[in-house]
Amino acid sequence: MKRKIRKVAILGSGTMGGGIAAQLANAGIPSYLLDIVPRELNEKENAQGLTVDSSAFRNRIAEANKALLIKAKPAALMNKEEAYLITVGNMEDNLDWLGECDWVVEVVPENIKIKKSVLNQIAPFIKPGTFVTSNTSSISINNIVEDMPLEFKKYWMGTHFFNPVRYMKLLELIPGNDTLPEVVEFMADFGEKVLGKGIVYAKDTPAFIANRLGNWAGPSCCNLMLELGLTIPEVDALTGSAIGRPKVGTFGLFDMVGVDIAVLSTAEVLHNVSDPAEKAMYTMPPFPQQMLDKGMLGAKTKGGFYKKFGKEKKVLDVNTFEYVSIGKAQFDSLDAARKTKTLSGKLEAFFEGHDKAAEFVWKHVTGLFLYAASKIPEVSDDILNMDRAMCWGYNNDKGPFELWSGLDLEKYITRMENEGASIPTWIKEMLADGIKSFYKTEAGIDYYYSIPDKKYVPIEHKPEVIILKELKEQNKVVKTSDAATLYDIGDGVLCLQLHTRTAAISPEVIDFMELAQQELAKNWEGMVIAGSGRNFCVGADLSIVVKVASEKNWDLVDRLLAKTQAVYRANKYSEKPVVMAINGMVLGGGCEMTIQSSAVQAAGESYIGLVEVGVGLIPAGGGIKEAVLNTRAKMKNTTAPPVDVIMHYFQNIAMAKVATSAKEAVNLGYLRPADGITLNLDYLIADAKKRVLDMIEDGYTPPVKKPFPAFGQNALSLLKVGTRQMWQAGVISDHDWHIACRIVDVMAGGNVIAGAMITEEYLEDLEREVFISLCGMQKTQDRIMHMLKTGKPLRN
């Protein structure tokens, strides 16, 4: 289907509708955000002299929700300036706008009568062949359109996003009985490539996949807690990171999303399943409903399962409904699980334990597993969609089937049977055929067990997606070390993948990057540099800084920094394009590496910044030098004084500003407007490779390195004056002011006179000199040790 979505209408401007509009804006797609007309003028509107015909009144709901969207935390928009892409209106005056749209998504309240009414209301205004979808989380997709004509149904389906839309990867697609296959295919491709989502195909069953399984967990935890006599903090300790779920645990998560949402979404499933045994699984004990009745809804009412009293956080006793002090969860099995690094090791610690915590985890985890297994093929045809739904929609590390990887599945299935559990036939058949795990990896390819095929089948991905571990098995490794690996990714392009344990820069990384540059120069056309996990690079390995500082081996520090600067500079001036494929945290030296490249292809969720001030240091991998060069470039053909232009970069460095998205990184100057942004991380390396090939085709030539005039101290003196006032007012510490002044010294070009011609290498020498002087200061060493111990900056 050759279609393009150029504009979208969203019917319903609440949390989900606004979130969808924001993600469309993040993808550069304009939308109309419509809602109902208010019933009557409020006091403020009467005072302003508005009437019921005033657009400010008629669009009030959508306008107010858009304002909330712009202020949302965590941010829904990657760049608040792009809020202009969202146009508000109402569902009485502006339905003619729908004729401009290629996609209309319904996000009105979860009431089938309302949804049916809205579809009838909009039908006369949409173009033939317009995609119309519902974001319903529980109502039957087919029942909503049962009264609509066949032509409408062909382009109708469910598109179930998860909240917050920007951050949650899952998009469930639920075709209707009459949905054209090409419509499903198009929406999957659009959702994946344009909106950056992970697609799970669901059936039109109650709550689809993720919420069907996710909502099972709430009643299970509540009922097991009462059965075993556990407390809320104990259950949260057992259902957080200890079993590969969000660290806040079950009740902490209820408080975050809202106790009312947790209870009502569970009730939706309860009311839509018919089997009495299944209804029992979704039946909550009385206390959650009692909390709703009392208005104890969690964070939004400043009190739910947890509540703050001054500085002390207390927890609800569900028996007395009094808040009490939080007791620490102490169980032998939990202690054993915490000592183990792998999820399989943690689960085994519980499964082999003999205390109440072990019993809780065993019953809860196996209960969800057996329930999910029993819902195939009713809810899903395969385990892959179920596992992905729970990982992408509920932030679980692994889904109900994948979490058995690394465990003795056959042993534990036997235990379940001995305890009276009913094991689905397909699992028995799988084990009888000698298949002992639901997943396997072979020759770099991941497989999952296919129930209809009764064998392992490959996990498919789009052909353009580049998976480096598959290349390893295809003998595409050019060079490798403990710090990094160099791959041949085809078409004459290399990919240098960094894979230090903590995503930090070490001397070994720099040495290997130098070898990669030599290989590129001799035998290849271009290179991509990528990370290997959630973060591209968090900066220098501080443990190395601590070691050399304690030894006062300043010559070694100088040599290490000089080589890092030279290697980064070599990327920048490479005769062949070097493109950074960045994601997650791109901090300190990782940021400096990034900004000294031919181009950048950034994941939308890239958090970029020069944060060295937080540990009492300055950027010394070329970060300040690049700020000076960027200032010079921006001053060209203007009469602006240097301090006005460089102020922006100075504030970034002195305040350790970190961009909260790739788009914000452009605004802060860490990325160039021409750098690319990829919303789906799966496509990042492929997009970066394409960028390399495009640059080659366009006849890439590197920038020309040449001397430039120093700003001099007087030109930037206002920066020191401003920070001195902050120090005098107690806003910054003595050490902060000292560091700020030294940043200005480097930017000014040291003590040379204004206009003296200097080089990049000269500014890098100054960076190293200041860095080393700060390393020798006790306050800096204290900051570094505090960061290593706590992961947080110290302001001393």
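Hi everyone, let's start with a charge: the charged end of Lys 440 sits over the ring of Tyr 447, 5.3 Å from its centre. By that I mean NZ of Lys or CZ of Arg within 6 Å of the ring centre and within 35 degrees of the ring normal. Lys 313 also lies over a ring face, that of Tyr 306, at 4.8 Å from the ring centre.

A word on the source: this is a predicted model, where local features need pLDDT of at least 70, side-chain atom pairs count only at pLDDT 80 or more, and totals for chains, interfaces and linings use all residues. Residues are numbered from 1 along each chain as its sequence is written, and side-chain values use heavy atoms, with hydrogens and water left out.

Now to ring pairs. Rings of Phe, Tyr and Trp (its six-membered ring) pair if their centres lie within 6.5 Å; planes under 30 degrees apart are stacked, over 60 edge-to-face, the rest tilted. How many aromatic pairs does this rule give? The count is 27. One of them joins Phe 351 and Trp 362, edge-to-face, with 5.1 Å centre to centre and 85° between the planes. Phe 351 belongs to helix H16 and Trp 362 to helix H17, so this pair ties together parts eleven residues apart in sequence. Helices here are DSSP runs (H or I, at least four residues), and strands are E runs of at least two, numbered from the N terminus.

Are these two buried or exposed? Phe 351 is buried at 2% relative accessibility, and Trp 362 is buried at 4%. Buried means under 20% relative accessible area, exposed over 50%, and partly exposed in between (1.4 Å probe, protein chains only).
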